[in-house]
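User: I'd like to go through this model with you. Can we start with the strands and then move on to the rings?

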Amino acid sequence: MPEYGVTISATFEESEPVVQPAIEDIDISALGFENQQVIEKIESGICTVTWNKGTNSNTPKYYTNGAAIRIYGGGYFVVSVDGGTISSIALTFGSSDGSNDIVTDVGSYENGAWSGSASSVKFTIGGTSGNRRIAGITITYTLA
């Protein structure tokens, strides 16, 4: 019986790994806050949201009426990801939300949607009175 020889060769090229984005969805009403509870920090996975009254005398508080954190004109909150890069943030607003402008320190923001590339994003509420009611924050990011 004849013998057969088989040779197999392969060439592999190194390529960049495909990085899938992760999504962290923070539903403020599901976090168990008491009515009028002062809010300073929310941690969810590797994402952190810190809240600050800024130049306003009113601290950010959770209210059951509207099921949201009220943050007043001159106040701000910072969304950050430890060891990652944020590509988008979607804000959901509570009932009877105010009309104060919101500006960010990096990226592009319009109508509740931020996009860019940053490890942290500061959202500042415009004006000296009025408030915005943040009911949810959805963060899309990749790990470094």
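**Strands, rings and core**

Analyst: Ile 42 has Val 49 in β4 as its bridge partner. This is a predicted model: local features need pLDDT of at least 70, side-chain atom pairs count only at pLDDT 80 or more, and totals for chains, interfaces and linings use all residues. Residues are numbered from 1 along each chain as its sequence is written, and side-chain values use heavy atoms, with hydrogens and water left out.

User: How many bridges join β3 to β4, and which way do they run?

Analyst: Four bridges join strand β3 (residues 41-44) to β4, and the two run antiparallel. Strands here are DSSP runs (E, at least two residues), numbered from the N terminus, and two of them pair if DSSP finds at least two bridges between them.

User: What sits in the turn of that hairpin?

Analyst: Two residues lie between β3 and β4, and Gly 45 in the turn has a positive phi of about 60°.

User: And how many bridges join β4 to β7?

Analyst: Six, again with the strands antiparallel. Thr 48 stands opposite Ser 80 in β7.

User: Rings next. How many aromatic pairs does a search of the whole structure find?

Analyst: Four aromatic pairs. Rings of Phe, Tyr and Trp (its six-membered ring) pair if their centres lie within 6.5 Å; planes under 30 degrees apart count as stacked, over 60 as edge-to-face and the rest as tilted. Phe 33 and Tyr 62 are one of them: the ring centres are 5.8 Å apart and the planes are at 50°, so the pair is tilted.

User: Where do Phe 33 and Tyr 62 lie?

Analyst: Phe 33 is in the loop between β1 (22-27) and β2 (37-38), and Tyr 62 is in strand β5 (residues 61-63), so the pair ties together parts 29 residues apart in sequence. Tyr 62 is buried, with a relative accessible area of 6%; buried means under 20%, exposed over 50%, partly exposed in between (1.4 Å probe, protein chains only).

User: What about Trp 51 and Phe 77, stacked or tilted?

Analyst: Stacked, at 4.7 Å centre to centre with 25° between the planes. Trp 51 is in strand β4 (residues 47-52) and Phe 77 in strand β7 (residues 76-81), 26 residues apart.

User: Which residues have the most contacts inside the largest nonpolar core?

Analyst: Trp 51, Phe 77, Phe 123 and Ile 137, in a core of 28 residues. A nonpolar core is a set of buried Ala, Val, Leu, Ile, Met, Phe, Trp, Tyr and Cys residues joined through side-chain atoms within 4.5 Å. The largest share, four residues, comes from β13.

User: Which charges sit over rings?

Analyst: Lys 122 lies over the face of Tyr 76, 4.2 Å from the ring centre. The charged end of Arg 132 sits over the ring of Phe 93, 4.5 Å from its centre. The test is NZ of Lys or CZ of Arg within 6 Å of the ring centre and within 35 degrees of the ring normal.

User: Last one: is Asn 100 buried or exposed?

Analyst: Buried, with a relative accessible area of 12%. Asn 100 is in the loop between β8 and β9 (102-104). A polar atom of the Asn 100 side chain lies 2.7 Å from the backbone oxygen of Gly 126, and one lies 3.5 Å from the backbone nitrogen of Asn 131.

Terms used: A polar contact is a pair of N or O atoms within 3.5 Å; within protein, one must be able to donate a hydrogen and the other to accept it, and residues adjacent in sequence count only if both atoms are side-chain atoms.
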